[in-house]
Amino acid sequence: MTESVEKGNFVLKLEAFFNSCILEGWKDSVVALQSTGKMIEWSENLGITRRCIDSIVEKILTPPAKVNWSFTYSRPGYNKKRHQSVPRDWWTEDISDLDIDLFRFIVTALRSTNMVQPQLIGEALHVYASRWLPDTTKIRPPESSASLANEPVEKNRRVLETIVSMIPADRGSVSVNFLLRLLSTASYLGASPVTKTELIRRCGLQLDEVTVDDLLLPSHLSSDQYCYDIDMISVVLESFLVLWRIQYPAPSQDSQFMRSIRKVGKVIDCYLQVAAKDANMPVMKFISLAEALPDTARPKHDDLYKAINIYLKEHPDLNKAEKKRLCRILDCQKLSPDVCAHAVKNERLPLRTVVQVLFFDQERGFKATSQKLPPRGLLSRAQEAPFSETVQSKPKLPPDDRANRQEGTRRAPSPAIPERDQHKKLHLKSERNIVISREPGEVESEKVRETREEGISGSKMNPRKTMQGKSSSDHGHYKGRDR
């Protein structure tokens, strides 16, 4: 069949057909590579495997605008009629039909070119894992290990470990949802500790991108009667805290660490609210996950209170000691007023917790009231200001004019005043002088003091002046009467 026997023999024709037809097509190259798995040694010796891989890699590196061959792309929400342009990951589904070793050869060749983005490599791994690995979210925990022996566990475990080893080191090359599902699958298949450790580390690096739905993964241990794998979430959270404490030994309030850890704290509290509805969830596992977060991760404890309230509602058989231990993780000072109002009326909480909520709520109200009121010094000055302004608004006379006016007043003949009225006027005058002299900012002069002394001494009755005043008044009275 070679050319040494006769020209135009079968081998030459087969070689021309293989180069011009098989390797020129996209799907034909994939099918040819897949068929080499039946005769691995012959295919490698004849170079068929290498030529098929080179053809596939060359077509993958072709710009999407120049792709003119048919390919399989059945992603949800994608419509070829609406999308005229070719997606960048058009090749991922077709190569997912290959065996894991052939798939690894193609991925390794693509990464060696440094022309494919890590996200595209991660997308290819995601498609392949979805194609071959079991969906652990829909699998119930096995009743015994014998049920696992009937399934191709060894093959799936090998596929899983190979995929984990090919994940690019770049952060964000794969989603945290994909990493958590791989970790759940590794726990289900009994993967090696090295694979689990690597997955835990990668999940911890990207835990700040997680959502509550990403964490709702079932437990696959036959001894666990509860639904969600809370132990796996605790391990991933611990890895996250260790990694970020190394990178940010002294985080500030505005650092990336604070934003990340507070986002993680909120997601964990929301996850606890869902896990609390599981009637078989042990209280100590719930408490251990809640206490794993540092204080800086929870600026408010409202979400944690909701999780505790749900747990108490779904687990009415808890004894007093367990309730106290559960509510001890709650910081009543970080509860909002609305949550405090709900906690005071909550009959499920221990009495000690309710008393703490009342105390801190009243203390907060007292502080808010004291901040609104002005200081005492300002209040006393505001009350004294109108009277002092009235006194200061009166025109002040020089000491000489004031003394002359007082002497003129004293020397001027005064009309006859009854004795009682004179006593009252002198008494009121002395009291007014005393009040004015007590105003702040007024310095009492010596003239005013003398005037006060004279006023007070004048209040003591002089018999002579009184008799003179009486006689003059009687004289005027009788004189007027004679008239």
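Predicted model: local features only at pLDDT ≥ 70, side-chain atom pairs only at ≥ 80, totals over all residues.
**Pockets, cavities and helix contacts**

Q: What is the volume of the second largest cavity?
A: The count comes to 2 cavities of 30 Å³ or more. For the second largest cavity, the volume is about 30 Å³.

Q: Which helix gives the largest share of the lining of the second largest cavity?
A: Helix 13 covers residues 230-247. The largest share, 3 residues, comes from helix 13.

Q: At roughly what angle do the axes of helix 11 and helix 13 cross?
A: Helix 11 spans residues 193-205 and helix 13 spans residues 230-247. Helix 11 passes helix 13 in a right-handed crossing. Their axes come within 8 Å and cross at roughly 65°.

Q: How many nonpolar residues does the contact of helix 11 with helix 13 have?
A: From helix 11, the contact takes Ile 200, Arg 201, Cys 203, Gly 204 and Leu 205. From helix 13 come Val 235, Val 236, Ser 239, Phe 240, Leu 243, Trp 244 and Gln 247. By class that gives 1 charged, 3 polar and 8 nonpolar residues.

Q: Which helix gives the most to the lining of the second largest pocket?
A: This pocket holds about 240 Å³ of space, and its lining is Val 11, Leu 14, Glu 15, Phe 17, Phe 18, Ile 22, Leu 46, Ile 48 and Arg 51. The elements that give two or more residues are helix 4 (48-60) and helix 1 (10-22). With 6 residues, the most comes from helix 1.

Q: How many charged residues has the lining of the second largest pocket?
A: Glu 15 and Arg 51 are among the lining residues, and both Glu and Arg count as charged. By class the lining has 7 nonpolar, no polar and 2 charged residues.

Q: Is Thr 49 buried or exposed?
A: Thr 49 has its place in helix 4. Leaving out residues up to four places away in sequence, Thr 49 touches Leu 33, Thr 36, Ser 43, Glu 44 and Leu 102. The cut-off for buried is under 20% relative accessible area; because Thr 49 has 9%, it counts as buried.

Q: Is Asn 114 buried or exposed?
A: Asn 114 lies in the loop between helix 6 (100-113) and helix 7 (118-132). Its phi is near 60°, a positive value in a residue other than glycine. Exposed means over 50% relative accessible area; because Asn 114 has 70%, it is exposed.

Q: How far apart in space are Ser 184 and Thr 137, C-alpha to C-alpha?
A: Ser 184 lies in helix 10 (residues 176-189) and counts as buried, at 0% relative accessibility. Not counting residues up to four places away in sequence, Ser 184 touches Thr 136, Leu 217, Pro 218, His 220 and Met 232. Ser 184 and Thr 137 are 47 residues apart in sequence, while C-alpha to C-alpha in space they are apart by 8.7 Å.

Q: What share of the residues in the chain is buried?
A: The chain has 24 helices and 0 strands. Of its 483 residues, the buried ones make up 35%.

Key
Residues numbered from 1 in each chain as written. Heavy atoms only, no water. Axes fitted to C-alpha atoms, helices over the stretch in contact; angles between N-to-C directions. Helix = DSSP H or I, 4+ residues; strand = E, 2+ residues; numbered from the N terminus. Left-handed = near helix turned anticlockwise from the far one by under 90°. Contact = heavy atoms within 4.5 Å. 1 Å grid on protein atoms, 1.4 Å probe; cavity = no way out; pocket = protein on both sides within 12 Å on 5 of 7 lines; lining within 4 Å. Points joined across faces, edges and corners; volume = space filled by probe spheres on them. Buried < 20%, exposed > 50% of the residue type's maximum accessible area, 1.4 Å probe, protein only.
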